[in-house]
Amino acid sequence: MTRCPHCRELAVRHPSRLWTAAHALAWLYAFGSVLGASLIGPFIVGLSVPLLFGGACLIAETGRRAWAPGECDACGKYVAHRLTPVVTAPAGKLRPTGGLSLGSR
Ligand SMILES: [Zn+2]
């Protein structure tokens, strides 16, 4: 879980990374079904519809779940990006950086 940028609660759930693997498997199924369809000859007429819609549904659904935005359990808002935790240094460890150098003019 990560922190919500809207309500600051530690309650943002992101989709599992296994959905990305499932999406890759769905593409493998689609390629495999095209290869298999080329090998079975005229029987493809009856199998083309379930193969086509099965592959299309698998690719669409696993892609939707793999790249869905995270959702906060506390406020219900979406969090578009995975936020990395911010590491802050203790006050005594901070030192000025000298600002930006934009040339010697
Ligand atoms: Zn929230």
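The account below moves from the overall composition to the sheet and then to one helix.

The model is predicted, with local features requiring pLDDT of at least 70 and side-chain atom pairs pLDDT 80 or more, while totals for chains, interfaces and linings use all residues. Residue numbers start from 1 along each chain as its sequence is written.

The protein contains 2 helices and 3 strands, where helices (H or I, at least four residues) and strands (E, at least two) are DSSP runs numbered from the N terminus. Along the sequence the pattern is β-α-α-β-β. Of its 105 residues, 6% are buried, a residue being buried if 20 or more other C-beta atoms, placed from the backbone, lie within 10 Å of its own. Among contacts with a separation of 6 or more, 68% link residues 24 or more positions apart; a contact requires C-beta atoms, placed from the backbone, within 7 Å.

The 3 strands form an open antiparallel sheet in the order E1-E2-E3. E1 and E3 are the edge strands, each with a single partner, so one side of each has no neighbour in the sheet.

| Strand | Residues |
|---|---|
| E1 | 12-13 |
| E2 | 70-72 |
| E3 | 78-79 |

Strands pair if DSSP finds at least two bridges between them. E2 and E3 run antiparallel and are joined by 2 bridges, with glycine 70 opposite valine 79 in E3.

Of the 22 residues of H1, 2 are buried, so the helix lies largely in the open. Glycine 41, with a positive phi near 75°, follows H1.

Methods: A residue is buried if 20 or more other C-beta atoms lie within 10 Å of its own, exposed if 12 or fewer, and partly exposed in between; C-beta atoms are placed from the backbone. Two residues are in contact if their C-beta atoms, placed from the backbone, lie within 7 Å.
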